[in-house]
Amino acid sequence: MSSKDLPNAMERIRQAAVRDKGLRFTTLWHHVYDTENLRRAYFGLKRNAAPGVDGETWRHYGERLEENLQDLAGRLKRGAYRAKPVKRAFIPKPDGRQRPLGMTALEDKIVQRTMVEVLNAIYETNFLGFSYGFRPGRSPHDALNALYAAIITRKVSWVLDADIRDYFGTISHEWLGKFIEHRIADKRVLRHIKKWLNAGVLEEGRKTYSEEGVPQGGSISPLLANVYLHYVFDGLNRSAVAGDPTLIFSPNTIL
């Protein structure tokens, strides 16, 4: 598959997702281990991001890029790819608390970013219009503009500002897996998502595991978080908005 073919492939997936909202996709993995797609993902990463447990940097990996990508694609294709634990550090928050930040190994970032592009073709057809957080072509400024337009064009009685405490750290792996399986039936995709969730966290030389949470800093974590919120909150949100035209409530918007 060439770089020109990828947009067409993603558009075909998107169209299939639009035509049948109940369709479960069974053959997606070949898009993930395609070398050209992996290369696009590599060049989409931040150049100066801190390395993960592998110590690998973007620039060093790129010195033998084609050889490295061929090797990575081969391991993905034959099932020899292994997810690495996320290196955790903490950064201070304005309120004095510590925010955990995960530093993902470079190859995990590449594969995750490639998978996100594939899965976005499906889930962007499911996510609702008032959802803005961590979505392609959308930003917090877009959410603020939508809120402003709603306030000045409609009679708004009240605005609810809500936050989910430690959301990324408390997502249930079990329920997340069930939600993803509503649309994804490719066992290799499901298996690798589980690999990332179960890879553990390395903090001060000690590795820990949990049945909850998606590591902040991973390329795929925002998408998984949005999938979870879509099934948990967006249906309720849509019903509430339909029932009360003065209600503005966007729990899937992260500002």
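Helices here are DSSP runs of H or I with at least four residues, strands are E runs of at least two, and both are numbered from the N terminus. The model is predicted, so local features need pLDDT of at least 70 and side-chain atom pairs count only at pLDDT 80 or more, while totals for chains, interfaces and linings use all residues. Residues are numbered from 1 along each chain as its sequence is written, and side-chain values use heavy atoms, with hydrogens and water left out.

**Exercise 1.** Find the salt bridge between Glu36 and Arg39 and work out how the two residues are placed.

*Solution.* Start with the cut-off: a salt bridge is a side-chain nitrogen of Lys or Arg within 4 Å of a carboxyl oxygen of Asp or Glu. For Glu36 and Arg39, the N to O distance is 2.4 Å. Next, look at helix 3 (residues 35–43): the pair sits about one helical turn apart there because three residues separate them. Then check the cover. Buried means under 20% relative accessible area, exposed means over 50%, and partly exposed is in between (1.4 Å probe, protein chains only). Arg39 has 18%, so Arg39 counts as buried.

**Exercise 2.** Which parts of the chain does the salt bridge between Arg88 and Glu203 tie together?

*Solution.* First, the closest N and O atoms of Arg88 and Glu203 are 3.9 Å apart. Arg88 belongs to strand 1 (residues 86–92) and Glu203 to strand 4 (residues 201–203), so this bridge links parts 115 residues apart in sequence. Now the accessibility: Arg88 is partly exposed at 33%, and Glu203 is partly exposed at 27%.

**Exercise 3.** Asp108 has no salt bridge; what is its nearest side chain of opposite charge?

*Solution.* Go to helix 6 (residues 106–123), where Asp108 is located. For charge, Lys and Arg count as positive, Asp and Glu as negative, and His and the chain ends are not counted. The nearest opposite charge to buried Asp108 is Lys84, 6.0 Å away. Contact means heavy atoms within 4.5 Å. Beyond neighbours within four places in sequence, Asp108 contacts Tyr81, Arg82, Ala83, Lys84 and Trp196.

**Exercise 4.** Find how many residues the largest nonpolar core has.

*Solution.* A nonpolar core is a set of buried Ala, Val, Leu, Ile, Met, Phe, Trp, Tyr and Cys residues joined through side-chain atoms within 4.5 Å. The largest one has 53 residues, and Leu28 is among those with the most contacts inside it. Helix 6 gives the most to this core, 10 residues.
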